[in-house]
Amino acid sequence: MTSRERMIVAMTGGRPDRVPVAPDISNMIPCRLTGKSFWDIYLHGDPPLWRAYVDAVRHFGIDGWFTYGTVAFQRAGDRREWTTETISRSDERIVTRTACRTPDGDLTCETTYYVADPPTQTHKWIKDFPADMAKLRHFFPEITGCDPAPLEEMRAHLGEDGALGVCVGVPGFQELFVWFERGLEAVAYAWADHRDELREFVSWQERDVLRQVEMLLDARPDFLLLGASGLWTLNTPQAFRELSLPTLQQATRMAREAGVPTMLHSCGKERKLVRICAEETALDCINPLEPPPMGDCDLAEIKRQFGGRLALMGNLHTTDVMLRGTPERVMDAGRQAIEAAGAGGGFILSTGDQCGRDTPDENIRALIAAAERYGQYD
């Protein structure tokens, strides 16, 4: 099989020619391999991150897990005006400020780009909730169509070296975190003090996400990724059910009807989330199923209980094993993961969330060797 075929078969619960191997190297390692500063990639798109990832896939010979797919959405009545300026620069970092001018006033955010690490938002859009609601409404103009050209460029470039995915975010505390100044603390206060307004804001997000899903499914990617880092860790169970689960249910149902596989990414604690997804959604595959202490997942237990319903992707520890371990330890951990979850198919050998920048190349190659040695279906 090609890498693309192997990944699609596994994420839909089937048995490919061998266990696919797709460590999570979606950010730092591709940037490192370019030999450029990280702000060249993240700020200037030189090269775009998605191209750097494909180069990394080919460099190592892994099965590509391409999550950058997108289309150019067309929106009606968009009255926003954008400006971005550099407000400071040193040998170590560049700080930019982006302003969004709306008919109801301006909002700003600041982003810090590092020379050798991914960027972070150091000041966020929402600084006075719910007073900023009138301005925030303008962030969600109606999607009326899309141009699939960006996705087709990516599809042609990736070829058969991996499965072509498109990604949308899932509403919830983990997503609101990136909007609110002071992060999760401010989100929690908004949930306690201004719940009706917060629900309304999330309803705008949900409507926008589901319209994106509709457009993206029409473009026929290989899979739809529901990006929700920290979904179970950062939400309360009640907030998850009110703010996140409805979108998960609707998006996975839409994809199932369109014949496009779905995958949920939620790093951190995930054990209870696996059950909910298996029993209450149409999800096909879930990752990264991190082990303690980063997560709470026992791969063999999850395979026994939910392997007949969900394909699984994971779950080698990204620091203790991938970053600090020897190639021999990576090989052994890969073997254990395949023995825990590989039987019958429906398993992609991978890592926990995001291998660190300085993960040794030989450890990534050792994981590939583990899949080739122990992941054969006879």
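This is a predicted model: local features need pLDDT of at least 70, side-chain atom pairs count only at pLDDT 80 or more; totals for chains, interfaces and linings use all residues.
Phe 347, Leu 349 and Thr 351 point one way from strand S13, Ile 348 and Ser 350 point the other way, and all are buried.

## A strand on the inside

Strand S13 covers residues 347-351, and because five of its five residues are buried, it is largely enclosed by the rest of the structure. What is the sense of the pairing between S12 and S13, parallel or antiparallel? The two strands pair in the parallel sense, over five bridges. To find one of these contacts on your screen, look for Asn 315: its bridge partner in S13 is Ser 350.

Asn 315 also turns up in another setting, as one of the residues that line the second largest pocket.

Among the residues lining it are Pro 291, Leu 316, His 317, Arg 329 and Asp 332. Strand S12 (311-316) and helix H15 (327-341) each supply at least two residues of this lining. Which of the elements gives the largest share? That is H15, with six residues.

Now turn to the largest pocket, whose volume is about 2000 Å³. Its lining is made of 45 residues, and those nearest the centre are Cys 167, Gly 169, Glu 175, Val 178 and Gly 227. The elements that give two or more residues to this lining include strand S6 (120-123), strand S8 (162-169), helix H7 (173-176) and strand S9 (223-227). Helix H9 gives the most, with five residues. In the lining of the largest pocket, 24 residues are nonpolar, 15 are polar and six are charged.

## Helix H9 up close

Helix H9 deserves a visit of its own. It has 24 residues, and the distance from its first C-alpha to its last is 35 Å, close to the 34 Å expected at 1.5 Å a residue. Just after H9 comes Arg 220, which takes a positive phi of about 60 degrees.

The side chains of Arg 199 and Glu 242 meet with N and O 2.8 Å apart. This pair links distant parts of the chain, with Arg 199 in helix H9 (residues 195-218) and Glu 242 in helix H11 (residues 237-258), 43 residues apart. Arg 199 counts as partly exposed, because its relative accessibility is 35%. Glu 242, at 31%, counts as partly exposed too.

## Salt bridges across the structure

How many salt bridges does a search of the whole structure find? It finds 29. Here are three of them, with their N to O distances.

| Salt bridge | N to O distance |
|---|---|
| Arg 6 and Asp 63 | 2.8 Å |
| Arg 199 and Glu 242 | 2.8 Å |
| Glu 279 and Arg 275 | 3.0 Å |

In the salt bridge between Arg 6 and Asp 63, the closest N and O atoms are 2.8 Å apart. Arg 6 lies in helix H1 (residues 3-11), while Asp 63 sits in the loop between helix H4 (49-60) and strand S1 (64-69), so the pair ties together parts that are 57 residues apart in sequence. Are these two partners buried or exposed? Both Arg 6 and Asp 63 are buried.

The salt bridge between Glu 279 and Arg 275 has its N and O 3.0 Å apart. Glu 279 and Arg 275 are four residues apart in helix H12 (residues 271-280), so about one helical turn separates them. An α-helix has 3.6 residues a turn, so residues three or four places apart point the same way. Glu 279 is exposed, with a relative accessible area of 53%, whereas Arg 275 is partly exposed at 35%.

Some salt bridges share partners, and in this way Arg 6, Asp 17, Arg 18 and Asp 63 are joined into one network.

## A meeting in a loop

One last stop is Pro 148, found in the loop between strand S7 (142-147) and helix H6 (149-158). Pro 148 is partly exposed, with a relative accessible area of 36%. Although Pro 148 and Val 71 are 77 residues apart along the chain, their C-alpha atoms are separated by 4.8 Å.

Technical notes:
Residues are numbered from 1 along each chain as its sequence is written. Side-chain values use heavy atoms; hydrogens and water are left out. A salt bridge is a side-chain nitrogen of Lys or Arg within 4 Å of a carboxyl oxygen of Asp or Glu. Buried means under 20% relative accessible area, exposed over 50%, partly exposed in between (1.4 Å probe, protein chains only). On a 1 Å grid over the protein atoms alone, a cavity is a set of points where a 1.4 Å probe fits but cannot get out, and a pocket is an open set with protein on both sides within 12 Å along at least five of seven lines; lining residues have an atom within 4 Å of a point. Grid points are joined across faces, edges and corners, and a volume is the space filled by probe spheres set on the points. Ala, Val, Leu, Ile, Met, Phe, Trp, Tyr, Cys and Pro count as nonpolar, Asp, Glu, Lys and Arg as charged, and the others, Gly among them, as polar. The expected span of a helix is 1.5 Å times one less than its number of residues. Two strands pair if DSSP finds at least two bridges between them.
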